[in-house]
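Student: I have this model open and would like to go through a few parts of it with you. Can we start with how the helices pack?

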Amino acid sequence: MGSETGFTPQRGTDGLWLPHRLTHGALISQMTSETTPVSFLTVTVADGRTFSAGLDPHSYACGMSLLTWNLKSVSLGMATHVAIALPEECEPSHTLYLLHGLTGVHTDWIYQGQAARLADKRGVAIVMPDGACSFYTDAVHGLAWETWIGTELRQRLGQYLQLPHDRDHTAIAGLSMGGYGAFRLALHQPDVYSAAMSLSGCVDVTEKPFVGRHPDLYEDIFGTYDVAGTEHDLMSELFSITKRASAQSVEVPRLWATCGTEDRLLPHHERLVATADEAGVALTHYSAPGAHNWEFWNEHLPHALDWWLT
């Protein structure tokens with residue numbers, strides 16, 4: 001199955017498409033010109049067997065390779081979307097999974113944030129999956145978003161893209177709901193992620209005002225209004241992570257968090273800091289002037305990446 005770019009994927013002896021380096025070399029040169037400052041691919045994978053690539057004329061960036069990936073997830077039982085930003089001039093040294101917020105989508109960090117430029121400047125791959133309004137959880141009455149992002153997506157990326165995937169070079173981060181998701185996944189899978197970063201994270205889902213604002217979250221996703229002490233309660237999970245990491249023969253993931261001093265979620269951040277200290281879990285943290293908005297997240301995501309990569 002070819003494309004207008006002349007890209008023709010190859011099948012292996014088992015009938016599956018062979019992994020192919022999409023981000024550099026002939027494909028990029030075929031898909032760009034001297035007047036096109038970005039290598040933007042749209043990749044479609046159906047049932048793990050069909051593969052196509054083509055330019056997305058509605059997307060703009062500069063100095064990086066940017067992919068959108070539309071594929072059917074076995075875990076979700078439906079099609080979903082992933083955006084992937086890659087450095088233009090080098091192979092990525094690390095892979096960061098970057099999660100959006102409750103009202104967001106997978107492209108937020110591209111069009112409202114600066115993830116693509118940071119991928120190029122820091123030389124890392126940034127993978128941005130769509131997570132709907134899931135809190136990155138396998139819902140009691142809904143879809144298996146935690147399984148999709150924490151397990152299946154990583155396997156599919158390993159099948160189709162040659163990104164760094166070992167624990168030492170893999171981390172996860174997010175804003176608001178994505179901050180909760182980043183800590184949740186890292187605390188549940190310390191053998192996969194070496195670090196997790198939360199920006200303005202909704203990290204305390206036991207807070208009564210928060211429960212009152214989101215009854216659908218507790219009824220459909222968590223399946224209960226009383227989440228204290230369950231796998232959904234990050235404060236409780238902080239007390240479990242040392243034992244869980246030891247059982248998996250890995251270190252506790254490095255944790256980093258920030259929140260704006262004018263953010264309504266500042267009490268969540270403050271409780272996270274206090275609980276991590278009580279649990280004896282190292283947490284790099286600070287609060288800074290700012291609110292729950294892209295101005296704050298764009299200012300502080302580079303600090304998160306610099307902390308992770310040093």
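Tutor: H4 and H5 pack at an angle of about 65°, and their axes lie 11 Å apart. Axes here are lines fitted to C-alpha atoms, for helices over the stretch in contact, with angles running from 0 to 180 degrees between N-to-C directions, and helices (H or I, at least four residues) and strands (E, at least two) are DSSP runs numbered from the N terminus. Keep in mind that this is a predicted model, in which local features need pLDDT of at least 70 and side-chain atom pairs count only at pLDDT 80 or more, while totals for chains, interfaces and linings use all residues. Residues are numbered from 1 along each chain as its sequence is written, and side-chain values use heavy atoms, with hydrogens and water left out.

Student: Which residues of H4 and H5 make the contact?

Tutor: On the H4 side they are Glu 146, Ile 149 and Gly 150, and on the H5 side Arg 184, Leu 185 and His 188, where contact means heavy atoms within 4.5 Å.

Student: OK, now Tyr 136. Where does it sit, and is it buried or exposed?

Tutor: Tyr 136 lies in the loop between strand S6 (125–129) and helix H4 (145–160). Tyr 136 is buried, its relative accessible area being 0%; buried means under 20%, exposed over 50% and partly exposed in between, with a 1.4 Å probe and protein chains only.

Student: What is Tyr 136 in contact with?

Tutor: Leaving aside neighbours within four places in sequence, its contacts include Leu 99, Trp 145, Glu 146, Ile 149, Met 177 and Arg 184. The C-alpha atoms of Tyr 136 and Ile 149 are separated by 7.8 Å, although the two residues are 13 apart along the chain.

Student: Changing topic, what covers the buried residues of H9?

Tutor: The cover includes helix H5 (177–188), helix H6 (208–213), helix H8 (234–247), strand S9 (254–260) and strand S10 (283–288). Among the buried residues of H9 are Leu 266, His 269, Leu 272, Val 273 and Ala 276.

Student: And what happens just after H9?

Tutor: There Gly 280 takes a positive phi of about 75°.

Student: Last one: how many helices and strands are there in the protein chain?

Tutor: The protein chain has 10 helices and 10 strands, and buried residues make up 57% of its 310 residues.
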